[in-house]
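Have the sequence and the 3D view ready.

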Amino acid sequence: MRAYRGIARPLIFTLDAETAHGLVIRCLQGAAFLAPAIGRLFAVDDPLLETTVAGLRFRNPIGLAAGFDKNGAAVPMLAALGFGSVEIGSISRDPSAGNPRPRLFRLPDDHAIVVNYGLPNEGAAAVATRLARMRVSIPLGINIVKTNRPGASCETKDGIIAEYADAAITLAPYADYLMFNLSCPNTEDGGDFFADRGCLDALLQALDGLGLGVPVFLKASPRGGIAAIERLLEAADPHAFVSGFMFNLRPGKPDGLKTPETVWSRMPGAVSGKPSAALADQCIREIYRRMDRRRYAIIGAGGVSSAEDAYAKIRNGASLVQLLTALVYEGPMVVRSIAAGLAELLRRDGFARIGDAVGVDMRG
Ligand SMILES: Cc1cc2nc3c(=O)[nH]c(=O)nc-3n(C[C@H](O)[C@H](O)[C@H](O)COP(=O)(O)O)c2cc1C
């Protein structure tokens, strides 16, 4: 990790953030033939980290969050980095160019990224064609969203729901689980659509009839506090296909950034990484407190860059953890380092299985 921070990161950071992102994805894609060798080097095989969530077996609970590999171009190499799961997307029914550039910025002082991509992706059919040719050794999540059409006039509720359903039908055959992104913080129309309980009910109703055949998770906005969490649970409860939840980034800028306002005020978008952790953890605790724990699982994300961060989310109630920003700041070894460190922490605290640590800080 020191080599990455000392050599690779300064070089990568000379490029603008989106150019660097695209280059890294192309390199990982081109190096797919190295995946078996890299996989042996990066793997952490520790039975303590193995876990089963929503009927799926994970070799460890550390997953890649949606947004890094939007089109599923680099899955074999990403799986080889030691992740227990990889989530690709967000993918919409139709291709989208996303928001105008520049739309991705780094905040190094905060170990954060400002993201205003607006869901650029190749569309469900193109990604499905790519995935049909790919073999993936770990659970693959596919994150689904409505097509972002910047500047388009308001779309109807039925149209939006049909888009989710169409994308889900196209992609479900290639997914181990589907994540429905209900809350992209940086699109014109998608942000608050599902804050309306009627819209969420209508979506879940529509999905219920599809027989998707894979577990479904809902990625909700972290805004709205306890009332929004209770609404989410009430909406999900009648639909047995919903296996759990995670929370997205909040729109806008959180308080307390170290980066001066004169810098971030010129960067539209939501903030990932360390500054997103506090709200994410609060949402994890509040939903864990209220949900049916025999039925639902939480995937915790937001500012995970160390074993301690991952462990804290698990102790707060997350069964699985995801990261994205830490890959940018700490490099590819971060996955192995977190997984190995997490096993040590679990052993130190006397847990025989990772599942026993889920939510321990919420008991009593
Ligand atoms: C560059 C970037 C792109 C993202 N794109 C998506 C996306 O397309 N869909 C989605 O559900 N979340 C997206 N996210 C949110 C992440 O999946 C994750 O929930 C969030 O970044 C918190 O994790 P982190 O702090 O480890 O980055 C994106 C985040 C970043 C930084």
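Predicted model: local features only at pLDDT ≥ 70, side-chain atom pairs only at ≥ 80, totals over all residues.

Residues are numbered from 1 along each chain as its sequence is written, and side-chain values use heavy atoms, leaving out hydrogens and water.

**The helix pair.** Helix α8 (residues 225-236) packs against helix α10 (residues 277-290) at about 45 degrees, with the axes 10 Å apart. That makes α8 oblique to α10 (angles under 35 degrees count as roughly parallel, over 145 as roughly antiparallel, 65 to 115 as roughly perpendicular, and the rest as oblique). On the α8 side, the contact (heavy atoms within 4.5 Å) uses I226, I229, E230, L232 and L233, while α10 brings C283, E286, I287 and R290. Those residues split into six nonpolar, no polar and three charged.

A cavity is a set of grid points where a 1.4 Å probe fits but cannot get out, and a pocket is an open set with protein on both sides within 12 Å along at least five of seven lines, both on a 1 Å grid; lining residues have an atom within 4 Å of a point.

| Space | Volume |
|---|---|
| Second largest cavity | about 60 Å³ |
| Second largest pocket | about 410 Å³ |

The lining of the second largest cavity includes H111, K274 and Y329. As for the second largest pocket, H21, G22, I25, K70 and N71 are the closest to its centre among 19 lining residues. Helix α2 (residues 17-30) gives the most to that pocket's lining, with seven residues.

Definitions and conventions: Axes fitted to C-alpha atoms, helices over the stretch in contact; angles between N-to-C directions. Helix = DSSP H or I, 4+ residues; strand = E, 2+ residues; numbered from the N terminus. Nonpolar A, V, L, I, M, F, W, Y, C, P; charged D, E, K, R; others polar. Points joined across faces, edges and corners; volume = space filled by probe spheres on them.
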